[in-house]
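Here's a quick briefing to go with the sequence and coordinates. Have a look at the model first, then run through the notes below.

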Amino acid sequence: MSTPLLDQRLQGFASNLLYQELADGDDAEGFRFRDIDGIVLFVDIVDSTSMTDLVAASGPDGAERLGDVLNDYFRCVINIVLAHGGDVVGIDGDAAIALWRAAGSTSTPAVSAARAAIGLREVQLHWPVQPPASLRHRVTLVAGKFTSVILSGNSGRRFHVLAGEPLRTISAISHEVEPGEVIVDDAVAQMLGAAAKLEPIGSHGEAMHAAARLDALVDTGPADRGPAPGPIPLSWSTPKSFLPRVVVARGQSDLVAWLTEFRAVSLIYVRLSAPELPDGSAQARLQTMFEVVAKAAEALDVEILRVVANEKGVIALIVCGLPSFGSESNAAHAVGIAERIREDASKLGIPHSLGVATGRVFCGLVGNAARRDYVLNGPVMNYGARLMQAADDDVLYDAETARAASGRFAFSPAEEISVKGRGRPLAVHRLSQAFAAPAHSPAGQKALVGRDAEYAELTRGLGSGEGGLVVLEGEPGAGKSRLLQALREAAERSRHTTIVAATHVIERATPYYVFRNFVQQLLREPGDREPVSPPLLRTRLHEALAETDLIEKAALIEDVMPLGLPSSELAAQIKGAARQAGIEDIIVALAARRMADRAPLILLDDLHWIDALSADLLLALARRLPRLLIVVTSRPFDATEAPHGGRVIQRASRRIPVTRIDSKGTTQIICDLLNVMSVPRRLVDFVYGQSQGLPIHIEQLVLSLQEHGLIEAREGKCLVHASDLRAAAVPQKLRDLVVGRIDHLGQADQLVAKVASVIGRVFDMDTLRAIYPLPSEARSLEMSVRRLALAGILEPASGGDSAAHAFRHVIIQEATYELLSYAQRRSIHLHLVEQIERRRAEALEPHYSELAHHCEHAGETARAVEFRLSAASLAVLRSANDDDACGARRPSGQDRTAGADRRPALDLRVPERRSAPRLGALR
């Protein structure tokens, strides 16, 4: 990859002033201070705190919509500044600073800056709230001597700051005019002279803060400015050190456009110094304080995101939780960094004020190719800055930080402080004590590894021929699916036919969704290639039903799985409950046929998402084929959230709890993951204490420790390289842990995981290839998927389809999906809709619910409603609702149970036959 290409991808992230500084200097790393004369334009959004709160509270995508508005706003600011020869030195939250270098005694720079300020008065944007509210700002022009500062940390990360006493003037005069008006200090007023129409403003005190409102400029001729300076060519290595590492990493992978994402972060705002640096001693204090801050952050491999100067001072922003520094305890790490800064600054006698806040932010770029920056948006940004302003030589923490870090630190009771721009007081805390996180008491539960009792109970049924409906019941991540897989492997070793099915959260209203794949597996023969063609399945179905009176009803199977069967006159007239009964008879007959030699084993994952008709049919199989062993997994019983799955659970012959594991089981999982015979006790205690015995958490935590180099498997032994694992900078909370592990993947692999997460927990390579948003060779995607599998993010999907893959757990898929911005989600969902419609055009009905789901998330509300209505109509047609589609009385629970109990058990050798009902009874 050529250097110019890299430069082009990251063009616009540095000011022209920085380019000039690097071109004029020797580019030696370290601190550098240089005085310059100029005019600064400071633009600051009014009421940003209250409006940010309002927008963020308007919906889950509030922070993203806020980011869109701010992006539009700063694009306008940048375009206007550049059009008048200015240089956007920095963008900070809701403000921007632009510079015009002074040119001797000429007034041209001041006039150009004034023209830009007047141009900004015409910017008209609205906050995305109801009713619409205008976005208002204050525009201030000040002039004088500024200090161009370059700061550098030990990690090589560098920052450029424009500081100076005139910035303090901004705070003193900016509120003297109404929002939308332009105010200038006395120095700018004198530079403009007769070229401007000015209205003097009372100084309220010191003459140095005398100011005037700029109403207009007098025509000074056709040209009052020269061309805007262009970037000075530099080598790639120099600007890279001034950029956040996430920008560099994604720029190198051609993924700058994919910088936008949601992150859960903890922010530390640190006031390094006053805005002015009048002499060498002030500069030395700034340098010392910056070194204190950089040392504290770099100790945990956390990056200072930016250093800015404004009227409040020179301020550093540290962010715990950005790629690739996501941590379990973003909050605990932030507290640790803040307290170390306070301690070191106090020892040196340096004044300090810090604010720490935790919350969800929308990360992304603002600006355009000419000038842009990587920024974070969300209410937490304002809270952190306000806390820093109120701290006064202390550290203040918001309530969310105190809550999230409570396992490692104790905090004072909440105090309430008034925050500018916020209607209600903000609860804040101070640190009262730091302590090690207590180990959780052992859960005393059975180990997942081996799961001797549960596994023995399941396999006993295989050997004895005992059937029944068995439910493995446990919380997400407890290992239910792995136990189901182990049972499947045992069944296949003993030559049992296994029929594997799964539900899907999207398909909870799709009639017979579970049995689509079930029917195909009942009709499949050994040696069949995947997928089995519909014509072959039609032939097999005809052969299976040929000697029964069900052959006339065979077309009913179209309600379950479209095979292209022509509808018979009888099948077309069967409606409502009779249709449901006919489908039941066909499925039972096919299953009974499979049981002629040995009863198959039916395995169903995620029962809690089962649809109503599939639940009825599953119960019918269990009742009418008592030798059939059906094993299902489910989250703990919840009749409200999973009513249909709840009906199945309540009628199960056995319910086996899959509980969290004990310390011994934790040890075995670690040994298996690392392929070692034993592990140090302190590692087990740490992993068990953090995971509380949840197997998926144990697995992800151990893999993360290994990836961070804190543990190592060598020659069959486990080595622990961290003296204190509790202080290790690795994720520990499960979702943050997953995000942290994704952050450590290559940039291309991260994008593949994000795109796949939109498809669902299970996806196939053809679909992934079709919707992947960047040009990519098939082999490249396949290699990414393999790396994701090696990293423990993906695994082969069950069911034997070699082209299908699955996230190892739904928690991993959800955590990955939540990283995507809403705009990215909408684009991928819409592309997915187009692909489904194109690939399934000849048989779209089975995909109505799936299409509705993706349309909803793509923002295509009207189409989503259309697909929902189509799915509902189909459900009514197939009696998917509990009412008879032809108007029959809905039976009570007692009636339904009694009716079900009267259905006879089916003879395993000959499917139960029913005489054809009178047509009148079917209407």
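**Cavity, helices and backbone**

Sorted by class, the residues lining the largest cavity come out as five nonpolar, two polar and four charged. Keep in mind that this is a predicted model. The notes start with that cavity, then turn to the helices and a few backbone spots.

**Cavities**
- The count comes to seven cavities of 30 Å³ or more, and the largest cavity has a volume of about 60 Å³.
- Which residues line the largest cavity? They are Gly-153, Ser-155, Arg-157, Phe-159, Arg-245, Phe-290, Ala-294, Glu-298, Val-302, Glu-303 and Ile-304.
- Helix H10 (residues 280–298) gives the largest share of that lining, with three residues.

**Helix H4**
- Helix H4 covers residues 62–83, and its 22 residues should span 32 Å at 1.5 Å a residue; the end C-alpha atoms are 32 Å apart, so the two values agree.
- After H4 comes Gly-85, with a positive phi near 80 degrees.

**H3 against H12**
- Two packed helices are described by the angle between their axes and the distance between the axes.
- For helix H3 (residues 48–56) and helix H12 (residues 379–391), the angle is about 150 degrees and the axes are 8 Å apart.
- The crossing of H3 past H12 is left-handed.
- On the H3 side, the contact uses Ser-48, Thr-49, Thr-52, Asp-53 and Ala-56; on the H12 side, Pro-379, Asn-382, Tyr-383 and Arg-386.
- By class, that contact of H3 with H12 holds three nonpolar, four polar and two charged residues.

**Backbone spots to check out**
- Most residues other than glycine have a negative phi, and most peptide bonds are trans.
- Where is there a cis peptide bond? Going from Gln-130 to Pro-131, the bond is cis, with omega near -5 degrees.
- Pro-131 sits in the loop between strand S4 (126–127) and strand S5 (133–134).
- Arg-495 isn't a glycine, yet its phi is positive, near 65 degrees.
- You'll find Arg-495 in the loop between helix H15 (480–493) and strand S22 (498–502).

Technical notes: Residues are numbered from 1 along each chain as its sequence is written. This is a predicted model: local features need pLDDT of at least 70, side-chain atom pairs count only at pLDDT 80 or more; totals for chains, interfaces and linings use all residues. Side-chain values use heavy atoms; hydrogens and water are left out. Helices (H or I, at least four residues) and strands (E, at least two) are DSSP runs, numbered from the N terminus. The expected span of a helix is 1.5 Å times one less than its number of residues. Axes are lines fitted to C-alpha atoms, for helices over the stretch in contact, and angles run from 0 to 180 degrees between N-to-C directions. A crossing is left-handed if the near helix is turned anticlockwise from the far one by less than a right angle, and right-handed if clockwise. Contact means heavy atoms within 4.5 Å. Ala, Val, Leu, Ile, Met, Phe, Trp, Tyr, Cys and Pro count as nonpolar, Asp, Glu, Lys and Arg as charged, and the others, Gly among them, as polar. On a 1 Å grid over the protein atoms alone, a cavity is a set of points where a 1.4 Å probe fits but cannot get out, and a pocket is an open set with protein on both sides within 12 Å along at least five of seven lines; lining residues have an atom within 4 Å of a point. Grid points are joined across faces, edges and corners, and a volume is the space filled by probe spheres set on the points.
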